[in-house]
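Please open the model in your viewer and keep the selection panel at hand.

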Amino acid sequence: MNTIFRKSMLSVAGLAFAGGVFAGPIAAHANPVDGKPVAVAVQSAAPKPQGEQSHITLNDEQTANVKAIIAATKKAGLPERAAVISIATSLQESKLENLGHLGDANDHDSLGLFQQRPTSGWGTPEQITDPAYSTTAFLKGLKQVDGWQDMALTDAAQTVQVSAYPDAYAQWEQQATDLVAQYWNS
């Protein structure tokens, strides 16, 4: 469960408890209308994905890369939101495939899950194509972004990646969120 959602639910529970403490004695003496329980709608404060969302079906390699990103995020001591941003970024950059050099189709010397460049200081080609290393490098950059926890996903990812398509990350937020929810505790 993501941290924002968890905090929201705890706040709602606290308000419900406080409301019960103060209204309980009064409500206990009130005449019930029909004796049926009343349903109360609770709205989540979790951020909603921006714009149109994309989705791909993952193969075993891509799923293993999701798990590697989550493991590296946990090892770095970062929350689920960091994993969501990392996975969405990798979905945009490589569709969660650990890409080697693509010849003429390559974007400069970009490699790996995050399409990081050795010539930009991300590491050696061997390091960048190691999912744990490349995720840790991405997370190191993310931690340097002031307020990344509260930023829109696409803004946080773009600040680290400096992509020619800064809004493209947003389309993967829902799938990344779903993947983190599915694999964070497994």
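**The whole chain**

Colour the chain by secondary structure and follow it from the N terminus, where the elements run α-α-α-α-α-α-α. The chain has 7 helices and 0 strands, where helices (H or I, at least four residues) and strands (E, at least two) are DSSP runs numbered from the N terminus. This is a predicted model, in which local features need pLDDT of at least 70 and side-chain atom pairs count only at pLDDT 80 or more, while totals for chains, interfaces and linings use all residues. Residues are numbered from 1 along each chain as its sequence is written, and side-chain values use heavy atoms, with hydrogens and water left out.

Of the 186 residues of the chain, 36% count as buried, a term that means under 20% relative accessible area, with exposed being over 50% and partly exposed in between (1.4 Å probe, protein chains only). Among contacts (heavy atoms within 4.5 Å) between residues at least 6 apart in sequence, 61% join residues at least 24 apart.

**Helices α3 and α6**

Next, select residues 80–94, which form helix α3, together with residues 153–161, which form helix α6. Their axes, which are lines fitted to C-alpha atoms over the stretch in contact, with angles running from 0 to 180 degrees between N-to-C directions, come within 10 Å and cross at roughly 70°. The two helices are therefore roughly perpendicular to each other, the term used for angles of 65 to 115 degrees, whereas those under 35 count as roughly parallel, those over 145 as roughly antiparallel and the rest as oblique.

Show the side chains where the helices touch: R81, V84, I85, A88, T89 and E93 in α3 meet L153, A156, A157 and Q161 in α6.

**A residue inside α3**

Stay on helix α3 and pick S86, which counts as buried because its relative accessibility is 0%. Beyond its neighbours within four places in sequence, S86 is in contact with I69, F114, F138 and L139.

**The salt bridge**

Finally, select R81 and E173, whose closest N and O atoms are 2.9 Å apart in a salt bridge, meaning a side-chain nitrogen of Lys or Arg within 4 Å of a carboxyl oxygen of Asp or Glu. E173 lies in helix α7 (residues 173–183) and R81 in helix α3, so the pair ties together parts that are 92 residues apart in sequence. Both E173 and R81 are buried, and by this rule the count comes to 1 salt bridge.
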